[in-house]
Each structure stands twice: as structure tokens, then as C-alpha cells.
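Dear colleague,

Please look at the structure alongside the text.

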Amino acid sequence: MIASVDLIEVVLALCLVTAALFCLFDRHLLRACSFFVAFTLCMALAWLTLAAPWLALMEGIIGALLTTPCFFYALGVFTPASEKLPSHDHFKEPLSRGVMRTLLALAWCLMVGAVVRFIFPAMVYSPTEHPLLLAGVVMVAAAMGAFAWHRHLVRRLLAFNVLGSGVFLLLAGLAGTDPQGQALITTALVVAWLGSLLGALVIRRLYRLEGENALLGSRGLKETRQ
Amino acid sequence: MNWRFGLTGSTFDPLMTSHWALAAALLLPLVFGALAAIFPPRRMWPVALACAVILTAGIFLLIDTRQAGVLRWQWEFSGIGVALRLNGVSMLLLLLTQWLGAAAALYTPGLLRISDPERFARWLWPLMGAVISALSLAWVATDLLTLYIALETMGLAAVAMLLLSGQADALLAGMRYLLLTLVGSLAYLLGVALILGYWGRLDLAGLAEVVEPGPVAWVAAALMGAGLALKAALFPLHAWLSPVHSSAWTPVSALHAGLVVKASLFVLLELWSILLFETFWAPRVIAWMGMLAVVWGGLIAWRAESLKTLVASSTVAQLGYLMVVFPLLLGPDISPLARALAWDGFWLQLMGHALAKAAMFMAAGNLILATGEKTLEGLAGTSRRLPLSLLVFGVASVTLMGLPPSAGFTAKWLLLQSMVISGQWWAVAALLVGTLLTAAYIFRFFRYSFMETAPRHRYQPLAPGMDVIALGLALAAFALGLLAHFPLDLLHGGSA
């Protein structure tokens, strides 16, 4: 079984997971967003190895050229220095709440994992032979965890994008990359881009209206007002 | 069940005019919306002209659907199939969307003219167009890919539209909703992936033939259900509704509460009728959540301090009624008569609520705009100066409370009958409690508005037509109860 695993795929899967983890857990926001660029490029290569050049092209265009600028815009890279977001997210979630949320995320992942395991024979690419799909599972789990732990809106938006890519890889594993699957993934890529664009616009506006604490959700806003 | 959605059964080819009418119904809202972004209309007549074209297309489709029963379209582009259909239900919902959309669009120029100039007002038009196009597509689509495109376009455009006028609280609530709905859309996508991987097809008509109950169908249904529940703001996930609605523009709220939340429910019912037909637990869970929603939404609306919160929380409760009906539509051991009654009642309730809630949001918007007050206490004594707006609110609340002869009454009558036949006493109790709570929060508002001792306000005059449009919608909801046989004929016509 191991022999059938392509070395390029293993390297690519490792790159993907590493980029995803840095992107999700780096508190320096600009660096995290830069890792997201690397991540999308790895995703494009992953689609090439899964024999879906169209998806690779779309991932390159939508992911790297359209979605990433949204994040940089949200961080205020294109605006004068006074309007930039603070470079780090210093917020730490209380441990009990974090553990609670992680457990919820884990439960969700277990459910999805059980499903994938259950219809294993029907999977087009099997995870043990395609490390990319394994990377997809790890990415989904990590992104769910990050989504649960972080309160900073930019980081949650990043987590959503990584989660999306993980789900796309799972989709490719479940359904293959036939035209219908590719159409679904292309649509989902466009949706993720539009969602990120909308999110970035809202984040900028919130920051202008209420300052830094507004980016930590409604509790952050309440703390500022008191 | 599938014949009810027009998925099976033979049909004639659509007429030539129907092809054009369908294209017009799906694309023109987008085109006109984009045009309006470039040349924002300041008067009502250009909007009326644009709406007239779309409404005419709807009438053409109605005539053809009545004759043929079900209309189907199918195309294939390089291996990707697109399937659309128009039957009684989808035709009714398409008409509802077009008329409600037209009312909201006609209301907008007046609102923008008399309120303070807003930076993003221009963007309202294309987003509204996108929402109406996407809704129309959601009613007619019968394959999972087209449904996904329609739902996502609708969801994103609706959030953007709600947040255009947003202040910080609304933006935060909206942002939370945006993130949740995006994650929800991934859950939906995973469900679709399961179906595509296991059965290898995405068209609902084909799936209806091959799907057999089993863990795959259950899990796919659960994933898709979770995604759609997130979008529809079904009960435990409704918290963002009231902060967002309290600062959103009136026509936007009307469209959202009237139609957008219903689309996810429609798709949920359509998909579950294929994947989960005659299962016991899943519809029950929805119904229990619905009961909680009826009570919780009613209580929140009853304790609400601001008028918009009252109206928005009432949406949560009213959606609860629709959720309570799920076991009757999908559950096992339901007699055909009870199921048919529940089916009629469900759509009548949905339509009545859409019209009444849109009218109510407009009336509330008019009251708030005219007085400059948002709270119930601030609105005390409005009966003297704004009788027409208050009348609209009253007529709309007759439908919400389900008093005869409104659509709400007819719908609840049908639903109660069906619940009694099939012995669903919990659902009956939920319906009655909900009605009492509705009456409680509506009359609480009226008690304030008829206070004679309240100080006089300085009133801002409304633009002409703003009250008339709202009154038209409220009366339509009222008349739908008296003339219920027209929509019901259409609902049954699709099955002949």
C-alpha cells in the first residue's frame, strides 16, 4: 500500500497541512494571511495531482488572486498606517470555554469521520492511498478547532477558508473530480470568495466604527462600552 | 410525496412563450437591479415599469402551468445537468416572490427620498435584484447544484442587503451570521458530496428513484438539514435576527422575513421528502424545535421594547408553526387526508405569513420613520396622527393571529384539522399557545398606540404610496383567506 503512494503527493500533503496550521494558529495576522497564499498555491498543485486542471486554475485565480486581497484589505494593508488593524491577536479564551468548544468541534469531526469511514468502499480516492485526502481530514479538524478557539473575526474568516478547502478535498475523495464534482467545487470557491469579500468589508467597517475590541465579537464590544 | 413537488409524472413541452417568460423571470431582476445601481431611480414609475415586465412574465408562466400541470426544462452542459420545473407549489411561490419583490421595490424610492441620504443606498438595488432572481431559481431548481447556487446567492445577497445600513451591533450580529451560514453551506456541500459519491447523480427526479433509506441518506439529510437550518434562522439559531432587523432598511426586512427564510424551509422539505420520507425521528426533532420556537419567539416578542424586535421575534414564532407541521408531511402512519390537509395548510400559512409579515415590517417602518421613535413606549399615541399605518399593522396582525377570514385562519384551520385527525395533540397545543402569545404581543403594542395621554410628537410626513403599498400587502394576506380556493386549486392542479 505504501509503495503505491506517490512521493509528490506526500510532500504536497505535508506542505498543505503545515501551511494550514501556520495560517490557523499564527497570532501575527499578516503572517497568517501570507501563509494563506502559500496554502492556496498548494491547493492548486493538489488539484493538479488529482487530475483536475480546471480546479487548479480556479483555485489559483479565485483563491490566490481574489480571496487573499480580501484578507489584506481587512487587515488594512492598502490603507494609511493609522487605519491598520493591530498586528497581533492577543486575545486568550478562558480554558474551560475553549475546551468546551474544542470538544464540540471534535464531536463534529468524529461524526464526519464516521460517515467517511462508513461509505469507505464508495470513495473514489481512498485516503490511505491518497495522502491529500488525509490532509483534507486533518485540515477540517484543525480548522474546526481554530473556529472554536478564536474570536478574532479575521482569524475566523481564515479558519472558514481552510475548512472549506478541507471539505473540497473530502468532496473530491467522496465523489471524484468528474464534471459535476468540479462544478460543485467551483461554485463553492466563488461562494467562499464572495463570503470573504463581504466579511472583509464588514470587518473594516466595524473597525472604523468601534475600534479594536469590536473585532472580538459582541462580548468585546460590550467590554469597550462599559 | 414526490409528485407533490412535481418531480415525477409526465408533462407537455413548455410553450415557446414560457421559455422566454422563464428567462425573464430569472434574469430580469438581476439586470434591472444592475441598471438601477448605475441610474438610481428617484421616482416610483421607472420601478413600476420594470416590475410590470417581470410580473407579466409571471402571468405567462402561470397560464402555461395551469394548462400543463407541470413544466420541465432540462439542459446539459459538458456533463453538468441543469433541471428546472414549475408545478403548482413552485408557481405559487414564484408569483409570491415577484409580487412581494415588486412591492418592496416600489416602496424603496419613497423611503430613500424622505430619509437621510445613505452612503450605500445605491447598492440596495442590485442586491435586491439578486435576492429575487435567486429566490425564483430556488423555487424552480430540481438539481442539487442549481439549488446550491440559488441558495448561496440568495444567502450572501440577503446578508449584504441587511448589513448595508448597519450600525456596530447589527454588523457584529450579521458577521456572526455570515460566518455561521458559510460554515452551514459547507455542511450542505458535504451532504451533496455524500449523495454524489454514493448515488452518482444530482438531479432530484433521478435521486427520488434510486435513494433508499439507510445511514447514507440519513447522514446526508442531517448535514443538509443543518446547513439549511442555519440559513433559515430556525429556532436555536435565530439570535442574530432582531439586532440585524432593527437597523436594516424596511423593504429589506420585508423581503428577508417574508421570503428568504422560507426558501431554506422549502428546500429542506423538498430534500427531506426524498431522503427521509416516512422516517420517524427527523421530522419530530424539527417539530419539537418548532414548538420551542413558537413559545420562545412569542415570549421574546411579548417582552420586546422596540417595535422592530417585536416584529422580528414574531417571525421566529411564526416559522415555528411551519416546523410543527413537518411530522404530518414527512412522518410515517399519516392518513392521506391528513397529509393533504397539512400540505395545503403549510403553503397557505407560508404565503399568508409572507404577505402579512412584509406588510407589518412596512407598517412598523412607516411608524418609526414618521415618529423617529423605535420603542413601543415612544410610539405611544400614534393612533391620532398615523391611523393608516396603524390600520395596516392591524390588518396584518389579524393574519398573524389567525382570526377569520384571513389566510392565517384558513391555514390554521386546515392544520388543526390535520393534527386532530392524526392525533398530534402536542402540535395542537403549540398552535393554540402560539395564537394566544401572538394576540398578547400584538395587543401590547396596540395598548401603547392608543394611549391618549402621550405627549405629541413632531411627525415626518411619509412619501405617497408608502402606506398604500403596505395596505395592499396586508389586504392581500387578508383576502387570501377568503379566496383560498385559487391557490389551493393551483396546488392540486400540479398533481392531476
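How far apart do the end C-alpha atoms of residues 141–438 of chain B lie, and what share of the span is helix? They lie 35 Å apart, and the span is 79% helix and 0% strand, where helices (H or I, at least four residues) and strands (E, at least two) are DSSP runs, numbered from the N terminus.

Before going on, please note that this is a predicted model, in which local features need pLDDT of at least 70 and side-chain atom pairs count only at pLDDT 80 or more, while totals for chains, interfaces and linings use all residues. Residues are numbered from 1 along each chain as its sequence is written, chains are lettered from A and ligands numbered from 1 in the order in which they are written, and side-chain values use heavy atoms, with hydrogens and water left out.

Residues 141–438 of chain B carry the UniProt annotation "domain: NADH:quinone oxidoreductase/Mrp antiporter transmembrane", from an unreviewed entry; UniProt positions are given in the numbering used here, feature names are shortened, and annotations may be inferred rather than shown by experiment. For chain A, an unreviewed UniProt entry lists "domain: MrpA C-terminal/MbhD" at residues 15–75, a stretch that is 90% helix and 0% strand, with its end C-alpha atoms 25 Å apart. The "transmembrane region" annotation of chain A, also from an unreviewed UniProt entry, includes residues 32–55 and 132–150; the former span is 88% helix, and the latter is 95% helix.

Turning to the interface, 41 residues of chain B are in contact (heavy atoms within 4.5 Å) with 44 residues of chain A. The two chains bury about 3,700 Å² between them, 84% of it on carbon and sulfur atoms, buried area being the accessible area (1.4 Å probe) that two parts lose on being put together, summed over both. Between chain B and chain A there are zero salt bridges, a salt bridge being a side-chain nitrogen of Lys or Arg within 4 Å of a carboxyl oxygen of Asp or Glu. On the side of chain B that touches chain A, α5 (144–163), α6 (168–199) and α8 (215–232) each supply at least two residues, and α6(B) gives the most, with 20 residues.

Finally, there are two backbone details to look at. The peptide bond from P404(B) to P405(B) is cis, with omega near 0 degrees, and P405(B) sits in the loop between α15 (387–401) and α16 (407–421) of chain B. In chain A, A51(A) has a positive phi, near 65 degrees, and lies in the loop between α2 (29–49) and α3 (53–75). Most residues other than glycine have a negative phi, and most peptide bonds are trans.

With best wishes
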